[in-house]
Amino acid sequence: MTTPKDPVDAIIEQWAAVRPDLDTAAMEVFGRVFRLSRAMGDRMEKAYARYGISRGEFDVLATLRRSDAPYTLSPRELSATLMLTTGGMTGRLDKLERAGLLRRSPDPHDRRGLQVTLTDEGLRLIDEAVGAGLDVQTAALSALDSEQASQLAGLLRPLLAATAP
């Protein structure tokens, strides 16, 4: 089965015509990764919008959910996990708290600290939203068979490790 050409192929062909001396192998990979990331990001944003949350807000709720019961972390732990500034985190927490999806309370172990905890409604919503997001990802991944998907995940792992901060 021949895969049709994509926009990255056209870019590579254009570079080959004007700069045949360039090795564009990296451009072929990262051009597709960037375009895939943008396209999937847009699809995920739409999936989460049905629940009244953005991708960034999903990330906060999902991080709390993955922390397991009682689904509580400090704002500092959330910021570190999500690589956000405390200012960026505060805005997300404010919105999610107003929506009744989480609550902030004093940390019983640190008088100066806070805890962020999923509410029952937040737990319900994130469990539904993660399923909807996985449905979108699974549908896109269906372009590959299971062996190809596994191989791609394996190939991306060391690449991500090599480029992570």
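Predicted model: local features only at pLDDT ≥ 70, side-chain atom pairs only at ≥ 80, totals over all residues.
Two packed helices are described by the angle between their axes and the distance between the axes. For α2 and helix α6, the latter covering residues 120–141, the axes come within 9 Å and cross at roughly 145°. The contact is made on the α2 side by Met40, Arg43, Met44, Ala47 and Tyr48, and on the α6 side by Ala129, Ala132, Gly133, Val136, Gln137 and Ala140. The crossing of α2 past α6 is right-handed.

Attention may now turn to charged residues. Side chains of opposite charge can pair when their charged atoms come close. In this model the count comes to 12 salt bridges. One of them joins Asp6 to Arg32, with the closest N and O atoms 2.7 Å apart. Asp6 lies in the segment before α1 (7–18), whereas Arg32 belongs to helix α2, so this pair ties together parts that are 26 residues apart in sequence. Asp6 counts as partly exposed because its relative accessibility is 26%, a value between the limits of 20% and 50%. Arg32 is likewise partly exposed, with a relative accessible area of 29%.

Glu128 is partly exposed at 37% relative accessibility, and Arg124 is partly exposed at 38%. Elsewhere, salt bridges that share partners join Asp6, Asp9, Glu28 and Arg32 into one network.

A further pair is formed by Asp110 and Arg112, with the closest N and O atoms 3.9 Å apart. The two partners fall into separate classes of accessibility: Asp110 is partly exposed at 31%, while Arg112 is exposed at 79%.

The surface also carries nonpolar side chains. Val29, Phe30, Val33, Phe34, Leu141, Leu144, Leu152 and Leu156 form a nonpolar patch there, with about 630 Å² of accessible area together. Helix α2 provides the largest share, 4 residues. Leu156 is found in helix α7, and this residue counts as partly exposed because its relative accessibility is 37%.

Helix α2 thus takes part in the crossing with α6, contains Arg32 of the pair with Asp6, and supplies the largest share of the nonpolar patch.

Methods: Residues numbered from 1 in each chain as written. Heavy atoms only, no water. Patch = residues over 30% accessible without salt bridge, like charges linked within 9 Å, V, L, I, M, F, W, Y side chains within 5 Å. Areas by Shrake-Rupley, 256 points an atom, 1.4 Å probe, with all protein chains shown as cover. Salt bridge = Lys/Arg side-chain N within 4 Å of Asp/Glu carboxyl O. Helix = DSSP H or I, 4+ residues; strand = E, 2+ residues; numbered from the N terminus. Buried < 20%, exposed > 50% of the residue type's maximum accessible area, 1.4 Å probe, protein only. Axes fitted to C-alpha atoms, helices over the stretch in contact; angles between N-to-C directions. Left-handed = near helix turned anticlockwise from the far one by under 90°. Contact = heavy atoms within 4.5 Å.
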